[in-house]
Amino acid sequence: MLVELLEEYFQREEPHRERDYFYVSEVGKCPRQIFYTVKGFPRPPIDGQTARRLAVGEDAHRRIVQALYGLGIVVAAEVPLPSGALFHGRADAIVSLSGKNYVVEIKTVHPYNFDQMALVPRRDHYLQLQLYLHYFQIPQGILLAENKATQELREFVVELDHTEVRRVLSEFEALRELIFVRGELPPLPDKSDWEFDQCKYCPFVDFCRENVSALSPPAIHLEPHERASQVRGLFDEL
Ligand code: SF4
């Protein structure tokens, strides 16, 4: 009774926004998935359980930032990257410790991933923090991870890594040219570098399998139930 009502209540569509930039959270993501997202390809709505899980993560961020304020060490919170940059995003906080500023990136992590991060941070988290360090010109940062199941905390203090930042910026400059200027579908990525099988959770797997690179314009403006039949129709024609 209530479960069905709540599932429906929490379920939501991801709004599509026209853009010519990337989000910091897209570092480490499959470039094809980024293409399908920015081009507004239809995807299933976020189901209720996933929406609630995301809300728990957002609550944890707020709780931790509030505690940092309580400690009196926050210099700024929710700090946006400079406008016009290749990447958009907001650093969770900048704190001051012993006279030094640190960018703090907070991550709530599945218990399995938390165990995997015993010695080193997750690579995509590390690279995201590197971008904040680069854009804010702050030479050090702290990746703070909270175990979603136990609320155990773990931190990694990292230094600005110019080589990695240059590599990521050059990779995404090339992707920007491919996706936003030429409008081309990126080639299938080298999956050997992935930390988990992104294809397993990809909402665009059917488009990708068929190398679909464009939708007929009306598809983007259809209602959700109409879009589903549009997608089915698209594959009927292939
Ligand atoms: S199916 Fe895999 S390779 Fe294709 S877009 Fe999705 S994540 Fe990328």
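The following dialogue explains how to read several features of a predicted model.

User: What kind of model is this, and which pLDDT is required for local features?

Analyst: The model is predicted; local features need pLDDT of at least 70, side-chain atom pairs count only at pLDDT 80 or more, and totals for chains, interfaces and linings use all residues. Residues are numbered from 1 along each chain as its sequence is written.

User: What is the mean pLDDT of the protein chain, and where does pLDDT stay under 50?

Analyst: pLDDT is the predictor's confidence in each residue, from 0 to 100. The protein chain has a mean of 90, with 90% of its residues at 70 or more. Over residues 225–238, pLDDT stays under 50. Where pLDDT is low, the predicted coordinates should not be read in detail. For residues 225–238 the model has 8 contacts beyond four places in sequence, a contact being two residues whose C-beta atoms, placed from the backbone, lie within 7 Å.

User: Which residues are around the ligand?

Analyst: A residue is near a molecule or strand if its C-beta atom, placed from the backbone, lies within 6 Å of it. Around the ligand are C30, R32, Q33, L188, P189, Q198, C199, C202, F204, V205 and C208. Two or more residues of this shell come from each of helix 2 (31–38) and helix 7 (205–209). Helices (H or I, at least four residues) and strands (E, at least two) are DSSP runs, numbered from the N terminus.

User: How does the shell around the ligand divide by class?

Analyst: Ala, Val, Leu, Ile, Met, Phe, Trp, Tyr, Cys and Pro count as nonpolar, Asp, Glu, Lys and Arg as charged, and the others, Gly among them, as polar. On that basis the shell has 8 nonpolar, 2 polar and 1 charged residues.

User: At what angle do the axes of helix 5 and helix 6 cross?

Analyst: Axes are lines fitted to C-alpha atoms, for helices over the stretch in contact, and angles run from 0 to 180 degrees between N-to-C directions. The axes of helix 5 (residues 123–136) and helix 6 (residues 162–181) cross at roughly 100° and come within 10 Å. Helix 5 and helix 6 are therefore roughly perpendicular; angles under 35 degrees count as roughly parallel, over 145 as roughly antiparallel, 65 to 115 as roughly perpendicular and the rest as oblique. From helix 5, L127, Q130, L131 and H134 meet E164, V165 and V168 of helix 6. The residues of this contact comprise 4 nonpolar, 2 polar and 1 charged.

User: Is S98 buried or exposed, and why?

Analyst: A residue is buried if 20 or more other C-beta atoms lie within 10 Å of its own, exposed if 12 or fewer, and partly exposed in between, with C-beta atoms placed from the backbone. S98 counts as exposed because it has 5 C-beta neighbours inside 10 Å. Q151 is exposed because 10 other C-beta atoms lie within 10 Å.

User: Where is L153 found, and which residues does it contact?

Analyst: L153 is in strand 7 (residues 153–159). Leaving aside neighbours within four places in sequence, L153 is in contact with L144 and E146. L153 is exposed, as 12 other C-beta atoms lie within 10 Å.
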